[in-house]
Amino acid sequence: MSTSVLFDAPGPKARRRHLILTILSALVLAGLVYVALSRLQERGELEAAKWTAMFTRQSWEFYFVPGIISTLRSAAVAVVLALVFGFVFGMGRLSQHRAVRWVSGIVVEFFRGVPVLIMMIAFFYFLALRGVFAPETNPFVAVVAALTLYNGAVIAELVRSGVGSLPAGQGEAGLSIGLTPGQTLRAIQLPQAITAMLPALVGQLVVILKDSALGAIITYPELLRQARNLAAGGNTLQPLVVAALIFIVLNFSLTTFAGYLERRINRRGKVAGGAAPVDEAGPQPAGGM
């Protein structure tokens, strides 16, 4: 019987048992979907008029499009700031100076441990009480600050673990050619770590985009809040479903772009400098014979 690295290949009885379990699971899932749709039909949530109302010009002009713009704006600013925060404190945790490592570690662990929603609410009320910004600006600043600190702390830990997972010979090679530990980190270890941790880094950027929906709690007019405002008109389910689909499209687009970027980086690494292939036959003498 053929085997794999981790487990024995299933035999005829195991394959038959897996097939039966798969069929039963599919039937149970289909039954749950049927029950859910039946309940929605009874409540009139599947009426065509309620769904076509989600695709009118008014719904998109006054609700969905402004919500998408607000979501992308807060997420874009938070992504840039979180990357800066993460790389600064991630490299701080790798510093040769004990005090820098200690301070960076406290900052990173503190903001990793505080839920992002609590930080949003705390920043919102602090800014409102202090009057630092205009009232309509406070929600945006609170959302960006919370997303930056929480996700920046996570990115800092990704940087630290990414560099730590590299072979020890990478750092030793830099030191052997006269580079300082800091120069070795910046010039040799960090670029390799970024490529290695790119999937996890992109996953964190998707988290930033999704967590921007928490801004609805503090009246930030992002996509979820705009969908809830539209739902206040009587159609409760439909705006939320459309908002969920928009979030899926945005996150899928970001993940697809990241996959393309990762493949491009890997290809550039394989053909660095675009050097032309060397002719294995060697140079030919002039006036070939």
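Predicted model: local features only at pLDDT ≥ 70, side-chain atom pairs only at ≥ 80, totals over all residues.
Residues are numbered from 1 along each chain as its sequence is written, and side-chain values use heavy atoms, with hydrogens and water left out.

**Asp 211**
- You'll find Asp 211 in helix α9, residues 198-211 (helices are DSSP runs of H or I, at least four residues, numbered from the N terminus).
- Asp 211 is buried (under 20% relative accessible area, with a 1.4 Å probe and protein chains only).
- Asp 211 has no salt bridge (a side-chain nitrogen of Lys or Arg within 4 Å of a carboxyl oxygen of Asp or Glu), and the nearest side chain of opposite charge, Lys 210, is 6.7 Å away.

**Helices α6 and α9**
- The axes of α6 (residues 138-164) and α9 come within 11 Å and cross at roughly 170° (axes are lines fitted to C-alpha atoms over the stretch in contact, and angles run from 0 to 180 degrees between N-to-C directions).
- That's why α6 and α9 are roughly antiparallel (angles over 145 degrees).
- Among the residues that meet are Leu 147 and Tyr 150 in α6, and Ile 208 and Asp 211 in α9.

**Val 100**
- Val 100 sits in helix α4, residues 98-113.
- With 36% relative accessibility, Val 100 counts as partly exposed (between 20% and 50%).
- Val 100 and Phe 89 are 11 residues apart in sequence, and 9.1 Å apart in space, C-alpha to C-alpha.

Conventions. Helix = DSSP H or I, 4+ residues; strand = E, 2+ residues; numbered from the N terminus. Lys, Arg positive; Asp, Glu negative; His and termini not counted. Parallel < 35°, antiparallel > 145°, perpendicular 65-115°, else oblique. Contact = heavy atoms within 4.5 Å.
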